[in-house]
Amino acid sequence: MSDFVHLNLPQDFQLNSDEHWMRQALALAEQAREQGEIPIGAIAVLDEHVVGRGYNRTEALQDPTAHAEMLAITAAADAISSRRLDGVILYVTLEPCCMCAGALVLARVSRLVFGSFDPKAGACGTLYNIPQDVRLNHRLLVTGGILQEECSASLSDFFKSLRNGEIKTTRRNREEI
Ligand SMILES: [Zn+2]
């Protein structure tokens with residue numbers, strides 16, 4: 001775990017709030033799982049109100065950009081009629097990839113909160129730290145590891161079911177087992 005996670009560790013009241021919203025992101029991940037998608041959910045919150053939701057839909061849409069975060073960002077921009085998401089906090093069950101981390105910077109999201117760390121593709125502290133790269137023109141506060149066990153279990157249960165043939169899936173998901 002990188003230092004930045006500790007530096008931005010929230011106070012108790014914020015932790016409770018973070019867990020509250022992360023549970024809603026987990027519920028969205030469950031919706032993805034029910035549709036045979038890799039279970040990742042995201043929720044965009046502004047002033048304690050939900051302004052965007054998304055869950056992974058890359059298979060349903062056959063769109064490599066249909067990650068939970070991208071859909072939540074687009075929904076939030078639509079909801080507040082602005083491409084700049086100042087003050088928005090984005091909660092997502094898995095550490096964002098390069099694409100989503102880049103989109104968070106472009107959207108000027110204020111804070112990112114994620115659940116599990118992603119050793120294979122994480123771009124918010126694990127492989128890269130795009131949201132806090134000083135060379136870019138916007139930086140986010142980042143908190144990782146909120147409800148980490150639940151978020152990790154959601155993913156590992158999905159892949160276990162996939163291996164056991166309990167979930168009907170596509171070739172692409174199978175390649176990622
Ligand atoms: Zn992504």
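**Helix H4 and its partner H5**

Let me start with the place where two helices touch: in this predicted model, Glu-69, Met-70 and Ile-73 of helix H4 meet Cys-100, Ala-103 and Leu-104 of helix H5. If we sort the residues of this contact by class, we count 5 nonpolar, no polar and 1 charged.

How do we describe such a pair? Two packed helices are described by the angle between their axes and by the distance between those axes. Here H4, which covers residues 68-79, and H5, which covers residues 98-106, pack at an angle of about 20°, and their axes are 9 Å apart. Because angles under 35 degrees count as roughly parallel, H4 is roughly parallel to H5. The crossing in which H4 passes H5 is left-handed.

Now to H4 itself, which has 12 residues and reaches 16 Å from its first C-alpha to its last, close to the 16 Å expected at 1.5 Å a residue. Which residues in H4 are buried? They are Ala-68, Glu-69, Met-70, Leu-71, Ala-72, Ile-73 and Ala-76, and what covers them includes helix H2, strands E1, E2 and E3, and also H5. After H4 comes Ser-81, whose phi is positive, near 50°.

Finally, a view of the whole chain, which has 7 helices and 5 strands, arranged along the sequence in the pattern α-α-β-β-α-α-β-α-β-β-α-α. Of its 177 residues, 41% are buried, and among contacts between residues at least 6 apart in sequence, 57% join residues at least 24 apart.

Methods:
Residues are numbered from 1 along each chain as its sequence is written. This is a predicted model: local features need pLDDT of at least 70, side-chain atom pairs count only at pLDDT 80 or more; totals for chains, interfaces and linings use all residues. Axes are lines fitted to C-alpha atoms, for helices over the stretch in contact, and angles run from 0 to 180 degrees between N-to-C directions. Helices (H or I, at least four residues) and strands (E, at least two) are DSSP runs, numbered from the N terminus. Angles under 35 degrees count as roughly parallel, over 145 as roughly antiparallel, 65 to 115 as roughly perpendicular and the rest as oblique. A crossing is left-handed if the near helix is turned anticlockwise from the far one by less than a right angle, and right-handed if clockwise. Two residues are in contact if their C-beta atoms, placed from the backbone, lie within 7 Å. Ala, Val, Leu, Ile, Met, Phe, Trp, Tyr, Cys and Pro count as nonpolar, Asp, Glu, Lys and Arg as charged, and the others, Gly among them, as polar. The expected span of a helix is 1.5 Å times one less than its number of residues. A residue is buried if 20 or more other C-beta atoms lie within 10 Å of its own, exposed if 12 or fewer, and partly exposed in between; C-beta atoms are placed from the backbone.
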